[in-house]
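Please look over the sequence and the structure shown here. The briefing below takes up two topics in turn.

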Amino acid sequence: MPELRLTVIGPGPAYTRRRGRTSSCYLVEGGGTAIVLDLGQGSFAALGARREPRTLDAIFISHLHPDHHIDLVALRHYLKYGCPTATTVPLHAPGDIRARYDVLNGEIGFLDALPGPPLVAGRRHVGALVVQAERVTHTDSSYGFRVTLGDGGPGLVYSGDCGRMADLLALVRPGDTLLSEAAWGVNDSIDEAEHLTATEAATVARDGGASRLILTHVLDEGRPVASLRAAQRVFDGPVQLAAPGLEVVVGA
Ligand SMILES: [Zn+2]
């Protein structure tokens, strides 16, 4: 039986003083297919240490805050100038991303080495994997993802950045592994910035029947270790803090 495997590449939040914590990036592999969810600052190099980037079957970007995608600049340069032959990797990202990169880099078609349609809600097959994207409350165009091997079995649910528990709960099926942001950690939410606390992430894991919870994207000020304990008080299953290189077999 093929395994669905998550490798945490970048567990960092939008900024951090913690050494080695590059921002949002998660490698998902199964059945000979490999995708990346988000590619935040510093994560291109961290990803490259784990897997040759040009062998990726697709990249999915949850939303257009740069801490979730800005290393597409590095990846694009690598695909264009660092590979022996012209190489492309399919990109699934909110529709504005191409115009934004053209302006940022002063070059029309900057992301042409990363072709792909605008990300919309729904399911799509990528090799052996099925990726379901659904809108979540954060920016105007933010998505969470559920990744499975084929059409069955337990999945990996990734929150992206998500300010409302109900949005994330809608993606979770019993037995899933929930990889959830908990940016606020043990602090109170700030209304105008849509993120979850550790307790809220754990509530989603509990109510959705998840088999495992991995907290990620926790701000330094959110107190990650206290966040872990807060989540354990709500959710009975295993809870971990995402760390660089953490590997999890989904459903195991
Ligand atoms: Zn964000």
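What follows covers a metal site and then a sheet. This is a predicted model, in which local features need pLDDT of at least 70 and side-chain atom pairs count only at pLDDT 80 or more, while totals for chains, interfaces and linings use all residues. Residues are numbered from 1 along each chain as its sequence is written, and side-chain values use heavy atoms, with hydrogens and water left out.

**Zinc site**

- His63 (NE2), His65 (ND1), His138 (NE2) and Asp161 (OD) coordinate the zinc ion at 2.1 to 2.3 Å. Donors are N, O and S atoms within 2.8 Å of the metal (3.2 Å for Na, K and Ca); water is not among the atoms, so sites may look incomplete.
- In sequence, the spacing of the donor residues is H-x1-H-x72-H-x22-D.
- His63 lies in the loop between β4 (58-60) and α2 (72-82) and Asp161 in the loop between β9 (152-158) and α4 (165-169), so the pair ties together parts 98 residues apart in sequence. Helices (H or I, at least four residues) and strands (E, at least two) are DSSP runs, numbered from the N terminus.
- His63 counts as buried because its relative accessibility is 0%, and Asp161 counts as buried at 2%. Buried means under 20% relative accessible area, exposed over 50%, and partly exposed in between (1.4 Å probe, protein chains only).

**Sheet**

- Seven strands form an open sheet with mixed pairing, in the order β6-β7-β8-β9-β10-β11-β12. Two strands pair if DSSP finds at least two bridges between them.
- The edge strands, β6 (122-126) and β12 (239-241), each pair on one side only.
- Strands β7 (residues 129-136) and β8 (residues 142-149) run antiparallel and are joined by eight bridges. Val131 stands opposite Val147 in β8.
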